[in-house]
Amino acid sequence: MLLVVISLFLIVGFSFQTLAQKEEKIPRATQKSVPLMSEYITKECSSTHQKVDSLYAWIINNIDYDYDVLQSSKPLSFQGSANTLKRKTAICNGYVELLVDLLAAQKIKAEYVEGYIRTFDPTYTYELYSADHAWIAIEIDGKWHLADPTW
C-alpha cells in the first residue's frame, strides 16, 4: 500500500512540475527570419541527418495547411518561405519553399520538385500542363532522398 501511495505522489508531483514548466519562447526576431529560425531549430544538432529531421519535424508540427487558399477561386501562386514562416499556413509549395530555404541556411542541398498526386476518383482528369503537388529532394551524406513536408 505504501508503494502505491508513493508512486501516486511521484506521478502527481511530476505532472504538476511538467505543467508548471513554461514552453520555450522563440524570440520574435528569430520567428521572422528564415536563417535565424533555421539556426534556432538546429542548434542542438550535430549531423546533417539530425538537422534535416529537426527542420522537417518543426515544419510539419508548426505550419498548418491553408485550406482557404486551396478552395478559393484565386490562382495558386508562389507563397515564399518568409510569408509561410510569418503566417504559419501554406499549401504544398509553401511547405517545400520554406524547407528548401531552412535547409539552405544550413548549407544542405535541396531541390523543389513538382509532380502529380494520385487520386482514387476514376473521373479525375490529370492536366498534363500543370503539376498539382510539390515535394522536396534533399541530399544527405551524398545521397538524395525525397520527402513530402505537406503530408
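Tyr67 counts as exposed because its relative accessibility is 53%, where exposed means over 50% relative accessible area, buried under 20% and partly exposed in between (1.4 Å probe, protein chains only). Tyr67 belongs to helix H5, residues 67-71. Helices (H or I, at least four residues) and strands (E, at least two) are DSSP runs, numbered from the N terminus. The C-alpha atoms of Tyr67 and Ile91 are 7.7 Å apart, while 24 residues separate the two along the chain.

This is a predicted model, in which local features need pLDDT of at least 70 and side-chain atom pairs count only at pLDDT 80 or more, whereas totals for chains, interfaces and linings use all residues. Residues are numbered from 1 along each chain as its sequence is written, and side-chain values use heavy atoms, with hydrogens and water left out.

## Overall make-up

The protein has 7 helices and 5 strands. Starting at the N terminus, the order of elements is α-α-α-α-β-α-α-β-α-β-β-β. Of the 151 residues in the protein, 32% are buried.

Contact means heavy atoms within 4.5 Å. Taking the contacts between residues at least 6 apart in sequence, 50% join residues at least 24 apart.

## Aromatic rings

Rings of Phe, Tyr and Trp (its six-membered ring) pair if their centres lie within 6.5 Å; planes under 30 degrees apart count as stacked, over 60 as edge-to-face and the rest as tilted. The count of aromatic pairs is 2. The pair of Tyr65 and Tyr95 is stacked, because the ring centres are 6.4 Å apart and the planes stand at 25 degrees. This pair links distant parts of the chain, with Tyr65 in strand S1 (residues 64-65) and Tyr95 in helix H7 (residues 92-105), 30 residues apart.

Tyr65 is partly exposed at 23% relative accessibility, whereas Tyr95 is buried at 4%. Together with Tyr67, Tyr65 and Tyr95 form one aromatic cluster.

Another ring, that of Tyr40, has the charged end of Lys43 over it, 4.0 Å from the ring centre. A charge sits over a ring if NZ of Lys or CZ of Arg is within 6 Å of the ring centre and within 35 degrees of the ring normal.

## Helices H4 and H7

The axes of helix H4 (residues 48-62) and H7 come within 10 Å and cross at roughly 150 degrees. H4 is therefore roughly antiparallel to H7, a term for angles over 145 degrees; those under 35 count as roughly parallel, 65 to 115 as roughly perpendicular and the rest as oblique. Axes are lines fitted to C-alpha atoms, for helices over the stretch in contact, and angles run from 0 to 180 degrees between N-to-C directions.

On the H4 side, Val52, Leu55, Tyr56, Trp58 and Ile59 take part in the contact, and they meet Tyr95, Leu98, Leu99, Leu102 and Leu103 in H7.

Thr84 lies in helix H6, residues 81-87, and counts as buried at 1% relative accessibility. Leaving aside residues up to four places away in sequence, Thr84 touches Ile63, Gln79, Thr89, Ala90, Gly94 and Leu98.

Lys88 is not a glycine, although its phi is positive at about 60 degrees. Lys88 sits in the loop between H6 and strand S2 (89-90) and is partly exposed, with a relative accessible area of 24%. Asp141, also a residue other than glycine, has a positive phi near 50 degrees. Asp141 is placed in the loop between strand S4 (133-140) and strand S5 (143-147), and is exposed at 67% relative accessibility.
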